[in-house]
Amino acid sequence: MKKTVTILAAILLCLAGTLPVQGQQNGDDARIEAIIRACGDMKSMKCEFTQTKRVPLMEGDQISKGNMLYFSPSRLKWAYTEPFAYSFRADGETLTVDSDGSHSEIGGEGSRMFQGIAGVMMGCMSGQCLKDSRMFKVSMSDADGRWVAAMVPVRRDMKKMFQQITLSFSSSTGLLERIDMIETGGGSTVIEISNVQLNGDYAAEW
């Protein structure tokens with residue numbers, strides 16, 4: 001459970017697109033402004049994801065699939081569908097987990113951690129936190145029609161989890177397409193986002 005909470009917390013943070021603008025060149029500023037505009041236009045989003053995890057000393061990849069829902073300004077659902085069913089929901093200050101037919105709220109230290117990260121995430125989804133340079137040192141580049149942000153953690157808690165996080169955004173839409181996370185312990189996680197739908201009525205799937 002603790003490992004799952006850590007990965008989910010990282011996913012929330014990464015999906016936010018927390019890219020510091022300070023110190024970037026003009027070309028990077030233009031890219032980030034396009035990402036901000038894309039986030040600002042997003043009232044709701046539905047997508048699918050494939051997560052590939054590699055663990056040291058284990059043979060083969062651990063592959064999971066699922067879907068995500070986002071509703072501006074403060075609701076997000078991250079749901080695994082394969083190889084098991086498990087979902088996390090953030091709705092304002094309420095944080096819940098659904099697993100094996102059970103439904104429970106996250107409390108205590110876990111709740112405080114998720115509230116902080118989810119708060120950052122929601123702010124970034126609206127474009128308000130994209131200029132925060134306190135979490136990562138970022139270098140940006142272009143590759144295969146994507147804007148790629150290589151993010152090296154600056155904040156202590158993130159350094160404990162990750163050596164580097166790389167976010168890949170579509171250069172045509174400004175939306176996140178892929179997350180690569182290199183973990184401090186030597187493992188790695190890749191999340192690929194597909195079938196993105198924007199600004200629809202997805203309330204029935206919440």
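Does Ala 90 count as buried or exposed, and at what relative accessibility? In this predicted model, in which residues are numbered from 1 along each chain as its sequence is written, local features need pLDDT of at least 70, side-chain atom pairs count only at pLDDT 80 or more, and totals for chains, interfaces and linings use all residues. Side-chain values rest on heavy atoms, with hydrogens and water left out.

Ala 90 counts as buried because its relative accessibility is 1%, where buried means under 20% relative accessible area, exposed means over 50% and partly exposed lies in between, for a 1.4 Å probe and protein chains only. The residue belongs to strand E4, which covers residues 86-91; helices (H or I, at least four residues) and strands (E, at least two) are DSSP runs numbered from the N terminus. Between the C-alpha atoms of Ala 90 and Ser 74, which are 16 residues apart along the chain, the separation is 7.4 Å.

Side chains of opposite charge can pair when their charged atoms come close. With a salt bridge taken as a side-chain nitrogen of Lys or Arg within 4 Å of a carboxyl oxygen of Asp or Glu, the count comes to eight salt bridges. In one of them, Asp 61 is joined to Arg 54, with 3.4 Å between the closest N and O atoms; Asp 61 is partly exposed at a relative accessible area of 43%, and Arg 54 is partly exposed as well, at 39%. Asp 98 and Arg 89 form another salt bridge, in which the closest N and O atoms are 3.1 Å apart. Here Asp 98 counts as partly exposed at 21% relative accessibility, whereas Arg 89 is buried, with a relative accessible area of 16%.

A salt bridge also connects Glu 177 with Arg 146, and its closest N and O atoms lie 2.7 Å apart. Because Glu 177 lies in strand E10 (residues 176-183) and Arg 146 in strand E8 (residues 146-153), the pair ties together parts that are 31 residues apart in sequence. Glu 177 is partly exposed at 25% relative accessibility, and Arg 146 is partly exposed with a relative accessible area of 27%.

Aromatic pairs were assigned where the ring centres of Phe, Tyr and Trp (its six-membered ring) lie within 6.5 Å, planes under 30 degrees apart counting as stacked, over 60 as edge-to-face and the rest as tilted; the count comes to four aromatic pairs. Phe 71 and Trp 206 form an edge-to-face pair, at 5.8 Å centre to centre and with 75° between the planes. This pair links distant parts of the chain, 135 residues apart, since Phe 71 is in strand E2 (residues 62-71) and Trp 206 in the segment after strand E11 (188-198). Both Phe 71 and Trp 206 are buried. The rings of Tyr 80 and Phe 84 form a tilted pair, because their centres are 5.8 Å apart and their planes stand at 40°.

A charge is said to sit over a ring if NZ of Lys or CZ of Arg is within 6 Å of the ring centre and within 35 degrees of the ring normal. Arg 75 lies over the face of Phe 71, at 4.9 Å from the ring centre, and the charged end of Arg 75 also sits over the ring of Trp 206, 4.2 Å from its centre.
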